Amino acid sequence: MADTLEFNEIYQEVKGSMNDGRLRLSRQGVIFKNSKTGKVDNIQASELAEGVWRRVALGHGLKLLTKNGHVYKYDGFRESEFDKLSDFFKAHYCLELMEKDLCVKGWNWGTVRFGGQLLSFDIGEQPVFEIPLSNVSQCTTGKNEVTLEFHQNDDAEVSLMEVRFYVPPTQEDGVDPVEAFAQNVLSKADVIQATGDAICIFRELQCLTPRGRYDIRIYPTFLHLHGKTFDYKIPYTTVLRLFLLPHKDQRQMFFVISLDPPIKQGQTRYHFLILLFSKDEDISLTLNMNEEEVEKRFEGRLTKNMSGSLYEMVSRVMKALVNRKITVPGNFQGHSGAQCITCSYKASSGLLYPLERGFIYVHKPPVHIRFDEISFVNFARGTTTTRSFDFEIETKQGTQYTFSSIEREEYGKLFDFVNAKKLNIKNRGLKEGMKQSYDEYADSDEDQHDAYLERMKEEGKIREENANDSSDGSGEETDSSFNPGEEDDDVAEEFDSNASASSSSGDGDSDRDDKKPAKKAKIVKDRKPRKKQPESKKGKDPNAPKRPMSAYMLWLNASREKIKSDHPGISITDLSKKAGELWKAMSKEKKEEWDRKAEDARRDYEKAMKEYSVGSKADSHRGERSKKKKKKQEKQVKGKGDKKGATSKSSSSKSPAKGMSDSFKSKEFVSSDESSSAESKKEDSEEEGAASPPPSSEDSASGSD
């Protein structure tokens, strides 16, 4: 018989999850190597106490029990391999490989047996299921009930968290079956027992995650978090990091404890324990140990009697017991002077702390990202407003974190910090243009931008536009939308009552004239000059003198650079506030100096304004005279043209131009006292004769026929 047996693709059951690997049986014992992690489990042959062969979901399995109570389960065997394994066990381990199938009846009533580290629920002689007691995290009892809670397996998608057993009462005196069941579980379970007195107790501390107020009892090996609803026992071995972070308001402090594995409540896992303290809260603390024990255990890091701020005492005790350094913010300083940045992550607002080796966000949900796990960062414009931007972080595992609604004033500080830490910036190629766009509104003081002056200019423009709109609306509003005078110039012949040029068309016209009185052309005042006037008003004369500045504005323009040099990185709004404070605190003598300068500037403006107004009036008079002269010349030219047209035509058949000139006068010569009745129109037409436009070729042809 071979001295070794090897099996590939064997699965080992560990805390509810199946890990594949290779199983090797030899004379010395059983060796299993995990193919994923490379971990090797070695069971000595002398430690083996029992071997069980049974049918499982993945085929057939092998369960090995050791003399110290440990259980090892391996699945993935074929049915034909039983004989080979049974002979090997007999020859090398002197054990009988027993066949024992699981009960599949589906009953929920049976017997509980405790064997070593294993709880077995049996129906008759067949086991239904088995629970390794090392997986039990808590055991609680009721009237006739025992509840087992389990450690959550982070590697498994679905984990069993709780099992409840109903224990019927018995007639035996002095023995409570529920307590006996619980004691058997607790003797083998991985449950933290709060034995002995606590070193110290901090009462009613405000906890943000998990939310509520808790009493913290400090034990030598674990931390007991006792609240009104929940209790948590946290071993110091699960504490990864400690953080002490100042709040942005400089009146509160965050104390953050990073945990792995996390504490759990149902399906909720808390990777961070966050406590919030007020800086003004003090405490006097006495450790429940004598001075020799304190000196021997903590080596001067703690003393028996201590006093100070509450957050300092908690952080000092935790640092001594956990034996880990406390991380505090580095040299980063934001726009407002705080060591953090206000932003939003997911749906909640919080604070982002740039640390020396990473970022931490508090508080909902807390996030800690180390620099060595960051693939790149990205600066993006805000989606809702240009007054903020987003800061994106993507890890090497592909997880992306987006911190949004960061004030634009923080951009320069954060960019310099990321650059100094040599993190990969995704949009570094666009950073010049992006930085320029942010600098336009972050450092616009360099361009002598004055927010107050700009606002005054905008209000002046609005007032001027309103004044122009009111002047436009003062005239006849109906004429601006409909001007029939412009349309009637080309069709003035339709309003003439004479129709003697052609027999066919003339008859129709005369009939129409008999039935309906002749229309008179509407006389409408020309609105074009009025339309052009607002355009000239709207344009501002660039040669006009500029208005003088007030004493405050003169001082601000002279002092702006000094304020910026004294306060590097100050924003526009903060600069205005600071300038107002300085001006308010200035002595009366210094203000009088700037008042004199403002008075001189006002006199110069008035003098320049007088000269400008005299010159503008002279220009306007010259313009009016030239307009009148031009209009007079146009009238003279038009009158000469009418006379020439009248003499060139024969007197017998008067030209249509003459008829038109007699019957239709220009707009300038129409007086309001002229009669517009149809009778006067008829008389004028009879005296002047039947004047009509010259017949076309078609009309002349029809007349000859």
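**Strand E14**

I started with strand E14 (residues 162-166), which has a covered face of Val163 and Phe165 and an uncovered one of Glu162, Arg164 and Tyr166. Strands here are DSSP runs of E with at least two residues, helices are runs of H or I with at least four, and both are numbered from the N terminus. This is a predicted model, where local features need pLDDT of at least 70, side-chain atom pairs count only at pLDDT 80 or more, and totals for chains, interfaces and linings use all residues. Residues are numbered from 1 along each chain as its sequence is written, and side-chain values use heavy atoms, with hydrogens and water left out.

Next I looked up the partner of E14. Strand E13 (residues 145-150) pairs with E14 in the antiparallel sense over five bridges; two strands pair if DSSP finds at least two bridges between them. Glu149 stands opposite Glu162 of E14.

**The eight-stranded sheet**

I then traced an open sheet of eight strands with mixed pairing, in the order E18-E17-E16-E15-E21-E20-E19-E24. Strands E18 (231-235) and E24 (326-327) stand at the edges with a single partner strand each, so one side of each has no neighbour in the sheet.

Inside the sheet I checked E16 (residues 212-218) against E17 (residues 222-226): the two pair in the antiparallel sense over four bridges. The bridge partner of Ile216 in E17 is Leu225.

Pro235 counts as partly exposed, at 23% relative accessibility. My cut-offs: buried is under 20% relative accessible area, exposed is over 50%, and partly exposed is in between (1.4 Å probe, protein chains only). Pro235 and Leu259 are 24 residues apart in sequence, and their C-alpha atoms are 9.5 Å apart in space.

**Salt bridges**

How many salt bridges does a search of the whole structure find? I got 17, counting a side-chain nitrogen of Lys or Arg within 4 Å of a carboxyl oxygen of Asp or Glu. Side chains of opposite charge can pair when their charged atoms come close.

- Arg54 and Glu130 meet in a salt bridge at 3.6 Å, N to O. The pair links distant parts of the chain, with Arg54 in strand E5 (residues 48-56) and Glu130 in strand E11 (residues 126-132), 76 residues apart. Arg54 is buried at 9%, and Glu130 is buried at 16%.
- Arg78 forms a salt bridge with Glu81, and their closest N and O atoms are 3.1 Å apart. Arg78 is exposed at 55%, whereas Glu81 is buried at 9%.
- Arg113 and Asp122 meet at 2.5 Å, N to O, in a salt bridge. Arg113 is partly exposed at 35%, and Asp122 is buried at 8%.
- Glu599, Asp600, Arg602, Arg603 and Glu606 are linked in a network of salt bridges.

**Negative patch**

Last, I looked up surface charge. Which residues gather in a patch of negative charge? I found Glu79, Asp83, Asp87, Glu99 and Asp101. Patch residues have over 30% relative accessible area and no salt bridge, with like charges joined within 9 Å and nonpolar side chains (Val, Leu, Ile, Met, Phe, Trp, Tyr) within 5 Å. Asp83 sits in helix H1 (residues 82-93), and Asp83 is exposed, with a relative accessible area of 51%.

Technical notes
Accessible areas come from the Shrake-Rupley method with a 1.4 Å probe; for residues, only the protein chains shown count as cover. Lys and Arg count as positive and Asp and Glu as negative; His and the chain ends are not counted. The place of a charge is taken as NZ of Lys, CZ of Arg, CG of Asp or CD of Glu.
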